Amino acid sequence: MKKNLRHVLALLTAAVLCMGLFSGCGNDNGGTTADDGGQQAEDSGQTTDDGGEKEYYKVGYAAITMDGDFFVTLADALAQGCADQGLIEKADDMVVLDAAWDTAAEVENMDTFIAQGYDVIFIDTTNPDTMIPLIDQATEAGITVICVDSYVSECSRVTVVYGDNKGNGFAAGKTYAEAKGDDFEIYSIMLSGIKGNIAGEERRVGMMAGVLSVRLGLDEEEAFEKAYELNDELIANNFVECPEAKLTIAGQGWGNWSTDGIMNDANDLIVKTHGKLTTTFSEEDLMSYGAIQACKDANVTGVEHVAAADGLKSAFDKIEAGEMFCCSLNSPALVGELAAQVAYEVKVEGKDPTSYPDTMTPDAICVTKDNVDEYRHLGF
């Protein structure tokens, strides 16, 4: 009997020890891991299968429009850039809300992203002033907001990423002047988008500055200072010349950023300058196309066409065929890639969002017949 009692007591002691052991294991490991993992997922707004660290982010793009190759390429580049950086699992995971040029729709789109707790919002805005309070609201909620393509005045957004209008214009003008040499007389016309448009002004001033830097031996800052003076004279008089740089702009046309829109002014200017015209400068590719057609209509040959932007695939074809001399890249692919890089630095690397400059631009690149194949993939 005593033997049986000792056996029973031993079994009871073993059972108690095992219960304590299992209880200790659960408290030290399993319970803490589950709680911590769940808290991490809740804090990040993400869910993971194993309760581990956050892997992906909720990324949205408040698009100004999705109508046009430029805007579609920009959205695709943002999505692919975020996927490449590991912010999202795949490009399709970035949500695009299209405002279709409607400010009210854009307000609603931003409200949606904020209410749903997105981690990153890219925005190309229809109305910058209207968006500032919403950008500030999103930032206060812990959302990283990066503006793309359209400038928004300083607010709590991280930065504005867009094409380098000045730099691209400068690259185009400089490339052309270097190719023609100092003795070549540039007798030209300027084809512009819309009066008062800042981007257009930066592009045309950039082209003039590029020529002046080569012809007058100026550094970039000095060249732009001189070019802005010439621009003021061009706007005031519809004519400007700089004899020491062998540069004349004999007239300016306005084309509302389109081939059809520039045709009347291009036809008039090319007839007006017949026998003297060597060069057309355009603020974008499509208006260069109008200049090409106007020259054909007037049976004018030997004129070279220089565009400050945008790098259309069709422009690359014309450059390769010798119809255009050059254009610079206003590449939505490069803009999207750079914006995604900024988002990665802030969200993953923990870089201070207030440390970024007001604006950021991809490197300015001028495309000519010699390098068109190298940059063709960046066209749109």
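Analyst: Start with contact: it means heavy atoms within 4.5 Å. The model is predicted. By that rule, Thr-103, Glu-106, Val-107, Met-110, Asp-111 and Ile-114 in α3 meet Thr-130, Met-131, Leu-134, Ile-135, Gln-137 and Ala-138 in α4. Sorted by class, this contact has 7 nonpolar, 3 polar and 2 charged residues.

User: Why is α3 called roughly parallel to α4?

Analyst: Helix α3 (residues 103-115) and helix α4 (residues 128-140) pack at an angle of about 0°. Angles under 35 degrees count as roughly parallel. Therefore α3 is roughly parallel to α4. Their axes are 10 Å apart.

User: Which residues of α6 and α7 meet?

Analyst: From α6 come Glu-201, Glu-202, Arg-204, Val-205, Gly-206, Met-208, Ala-209, Leu-212 and Ser-213. They meet Ala-223, Phe-224, Lys-226, Ala-227, Tyr-228, Leu-230, Asn-231 and Ile-235 in α7. The residues of this contact divide into 10 nonpolar, 3 polar and 4 charged.

User: How do you know whether Ser-213 is buried or exposed?

Analyst: Buried means under 20% relative accessible area. Ser-213 has 9% relative accessibility, so Ser-213 counts as buried. The residue lies in helix α6. Leaving out residues up to four places away in sequence, Ser-213 touches Phe-170, Lys-174, Leu-218 and Ala-223.

User: What makes the pair Glu-283 and Arg-204 a salt bridge?

Analyst: The rule asks for a side-chain nitrogen of Lys or Arg within 4 Å of a carboxyl oxygen of Asp or Glu. The side chains of Glu-283 and Arg-204 meet at 2.8 Å, N to O. That distance meets the rule, so the pair is a salt bridge.

User: Where do the two partners, Glu-283 and Arg-204, lie?

Analyst: Glu-283 sits in the loop between β9 (279-282) and α9 (285-297), and Arg-204 in helix α6. The pair links distant parts of the chain, 79 residues apart. Both Glu-283 and Arg-204 are buried.

User: How do you know that Asp-93 and Lys-90 are partly exposed?

Analyst: Partly exposed lies between the buried limit, under 20%, and the exposed limit, over 50%. Asp-93 has a relative accessible area of 29%, so Asp-93 is partly exposed. Lys-90 has 43% relative accessibility and therefore counts as partly exposed too. Their side chains meet in a salt bridge at 3.0 Å, N to O.

User: Why is the pair Arg-376 and Glu-320 said to tie together parts of the chain?

Analyst: Arg-376 lies in the segment after α12 (372-375), and Glu-320 lies in helix α10 (residues 313-321). The parts are 56 residues apart in sequence, so the pair ties them together. The salt bridge spans 3.0 Å, N to O. Arg-376 is partly exposed at 24%, and Glu-320 is partly exposed at 38%. Salt bridges that share partners join Asp-317, Glu-320, Asp-373 and Arg-376 into one network.

User: How many salt bridges does the rule give?

Analyst: The count comes to 13.

User: What makes the backbone at Asn-238 and Lys-246 worth a note?

Analyst: Most residues other than glycine have a negative phi, and most peptide bonds are trans. Asn-238 has a positive phi, near 55°. Lys-246 is not a glycine either, and has a positive phi of about 55°. Asn-238 is in the loop between α7 and β7 (240-242). Lys-246 is in the loop between β7 and β8 (247-254). Asn-238 counts as partly exposed at 32%, and Lys-246 at 28%.

User: Which peptide bond is cis?

Analyst: The bond from Ala-309 to Asp-310 is cis, with omega near 25°. Asp-310 lies in the loop between β10 (304-307) and α10.

Terms used:
Residues are numbered from 1 along each chain as its sequence is written. This is a predicted model: local features need pLDDT of at least 70, side-chain atom pairs count only at pLDDT 80 or more; totals for chains, interfaces and linings use all residues. Side-chain values use heavy atoms; hydrogens and water are left out. Helices (H or I, at least four residues) and strands (E, at least two) are DSSP runs, numbered from the N terminus. Ala, Val, Leu, Ile, Met, Phe, Trp, Tyr, Cys and Pro count as nonpolar, Asp, Glu, Lys and Arg as charged, and the others, Gly among them, as polar. Buried means under 20% relative accessible area, exposed over 50%, partly exposed in between (1.4 Å probe, protein chains only). Axes are lines fitted to C-alpha atoms, for helices over the stretch in contact, and angles run from 0 to 180 degrees between N-to-C directions. Angles under 35 degrees count as roughly parallel, over 145 as roughly antiparallel, 65 to 115 as roughly perpendicular and the rest as oblique.
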